[in-house]
Amino acid sequence: MKSKGRKKKRAIVWKGNPTDFVEMANGMIESGRFNDGEVEIEEFVDYLGEVFDFEVNDCFNTFRAVRMRTDENRTQFLDEMVTKLRKRMEDMDNGIFRKKKGRKNR
């Protein structure tokens, strides 16, 4: 939703692979935080695809590939996200602030 008086921002485009995209979408769905947990994965993947300008041809087969991973790697993208977020917070707690790529000074 765009606020009045705000400049149009550049598009945010998914640059990862379909497997990571579907893993992320399934994790979001399983949180139960969208439509009181009443949303189908295909509908959600299509919606996120519109938001991030990314198309997943078959979210069910893609998720099957995620499920076929060994136990310690089943959620590798979500695990990577958690690890990187924790590292960033730890760095910030220690006074290490880094400029994110593409951010302009504000």
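Buried means under 20% relative accessible area, exposed over 50%, and partly exposed in between, with a 1.4 Å probe and protein chains only.

This is a predicted model, in which local features need pLDDT of at least 70, side-chain atom pairs count only at pLDDT 80 or more, and totals for chains, interfaces and linings use all residues. Residues are numbered from 1 along each chain as its sequence is written, and side-chain values use heavy atoms, with hydrogens and water left out.

**View A. The aromatic pairs, 5 by count.** Rings of Phe, Tyr and Trp (its six-membered ring) pair if their centres lie within 6.5 Å; planes under 30 degrees apart are stacked, over 60 edge-to-face, and the rest tilted.

**View B. Tryptophan 14 meets phenylalanine 77.** The ring centres are 5.7 Å apart and the planes stand at 80°, so this pair is edge-to-face. Tryptophan 14 sits in the segment before helix 1 (18-30) and phenylalanine 77 in helix 4 (residues 76-93), so the pair links distant parts of the chain, 63 residues apart. Helices here are DSSP runs (H or I, at least four residues), numbered from the N terminus. Tryptophan 14 is buried at 14% relative accessibility, and phenylalanine 77 is buried as well, at 13%.

**View C. Phenylalanine 34 with phenylalanine 44.** Here we have a tilted pair, 4.8 Å centre to centre with 50° between the planes. Phenylalanine 34 lies in the loop between helix 1 and helix 2 (41-51), while phenylalanine 44 belongs to helix 2, 10 residues apart. Phenylalanine 34 is partly exposed at 31% relative accessibility, whereas phenylalanine 44 is buried at 5%.

**View D. One aromatic cluster.** Its members are Trp14, Phe21, Phe54 and Phe77.

Notes
Helix = DSSP H or I, 4+ residues; strand = E, 2+ residues; numbered from the N terminus.
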